[in-house]
Amino acid sequence: MKVTAQAPINIALIKYWGKKDDVQMTPYNDSLSVTLDTFHTTTTLMPHPDHIFELRINHQTATEAETLKAYAFLTQFESFLKQPAILIDSHNTVYKAAGLASSASAFAALAKAADQYYQTNHDLQTLAAITRQGSGSACRSLLGGLVRWQQDGLIKNIEANTDQWVMVFVLIDTSEKTISSRQAMKHTVETSSLFDTWVHSATHHLDDALKHLKQNNFFAFGQTIENNALLMHEVMRAANPPVDYFTDQTKRVLHLVKQLRTIDDVPVFASVDAGPNVKILTKQAHVNTLIKKCRSMGLTTVVTNITKQGAKTL
Ligand code: DP6
């Protein structure tokens, strides 16, 4: 038997940064993400012809750490332990570990494939609990559109008019990051003098963001999500020793976004994850202006749209 599943990446607009319970993998604050159509992971599970357990990523045998992580993840499916000799053949259209949410699409695809392969047919929330054992943010990739991941672990769609929304990725550096989000997050929770401020503010940011969505106020929504991302990085920089994912290029792009907004009145809003790349939320009508500006600065961009489709079996 062979099962293939595909999952898109998601980018948080209100960030998850800190686990309250690192066994259940539940967060300190609710987060809000958009599921995007351009980057995804496609994963096939099948019996291994050589009767071993193997993870392949983009046609290559994965590292020992990645293989062990996939193995541990699959132990959540009882039948896996009876027959662990499977081949996981995974293909990413995302750069791995560059703050571009590759682990989110990878674990959502693996969970979705395993659910069918082992015929567990878990309900959405159970599958979300399984998925976040791989990576917290991955549970949000099970759903399309705008997704809220709550402190209690539940995931749900938020209804809003996102028809014209576009997210432009500015690719500054797509090599693997030196400090993983897992490590950086734990270090921030344990040592940042601003961590309590983060939890408090992020909760308010989410309330504000939901209010602005309801009022269809894209500008105020955008300001809120940019403030949230910038605060997350400030909180990391207040850790001891500090964690800083920004490069000079990141700062140049953040400056450009601010300029476009304040001087040229273009509704563009920045978000940055655990890496130097910048994601810019805007509307369809402004994409060309933004891309032209980025090109004139020698920056590479990828345009992504919001997809209503979350993880699915093929
Ligand atoms: C900055 O989900 O990668 O992208 O749960 O430890 O695997 P673990 O972390 P991960 O962290 C994502 C952090 C973020 C913000 C977000 O996606 O909400």
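Predicted model: local features only at pLDDT ≥ 70, side-chain atom pairs only at ≥ 80, totals over all residues.
Residues are numbered from 1 along each chain as its sequence is written, and side-chain values use heavy atoms, with hydrogens and water left out.

I then looked up Arg182, which places a polar side-chain atom 2.6 Å from a ligand oxygen, and Ser135, whose side chain has an N or O atom 2.8 Å from an oxygen atom of the ligand. For the ligand taken alone I noted an exposed area of 460 Å², of which the protein buries 93% (Shrake-Rupley method, 1.4 Å probe; for residues, only the protein chains shown count as cover).

Next I turned to the largest nonpolar core, which has 51 residues, and in which Leu74, Ile86, Ile88 and Trp198 touch the most other members. Such a core is a set of buried Ala, Val, Leu, Ile, Met, Phe, Trp, Tyr and Cys residues joined through side-chain atoms within 4.5 Å. Helix H3 (residues 102–117) gives the largest share of this core, nine residues; helices (H or I, at least four residues) and strands (E, at least two) are DSSP runs, numbered from the N terminus.

For Leu74 I set aside neighbours within four places in sequence and found contacts with Phe53, Phe80, Ile86, Ile88, Leu110 and Ala114, contact meaning heavy atoms within 4.5 Å. A second, separate core of 26 residues includes Ile9, Ile14, Phe169 and Leu206.

Is Arg148 buried or exposed? I find Arg148 in strand S8 (residues 146–149), and it counts as buried because its relative accessibility is 19% (buried is under 20% relative accessible area, exposed over 50%, partly exposed in between; 1.4 Å probe, protein chains only). Its side chain makes a polar contact of 2.8 Å with the side chain of Asp30.

Last, I looked at Glu176, in the loop between strand S10 (165–171) and helix H5 (181–191); Glu176 counts as exposed because its relative accessibility is 51%.

Conventions
Polar contact = N/O pair within 3.5 Å; in protein donor to acceptor, adjacent residues only side chain to side chain.
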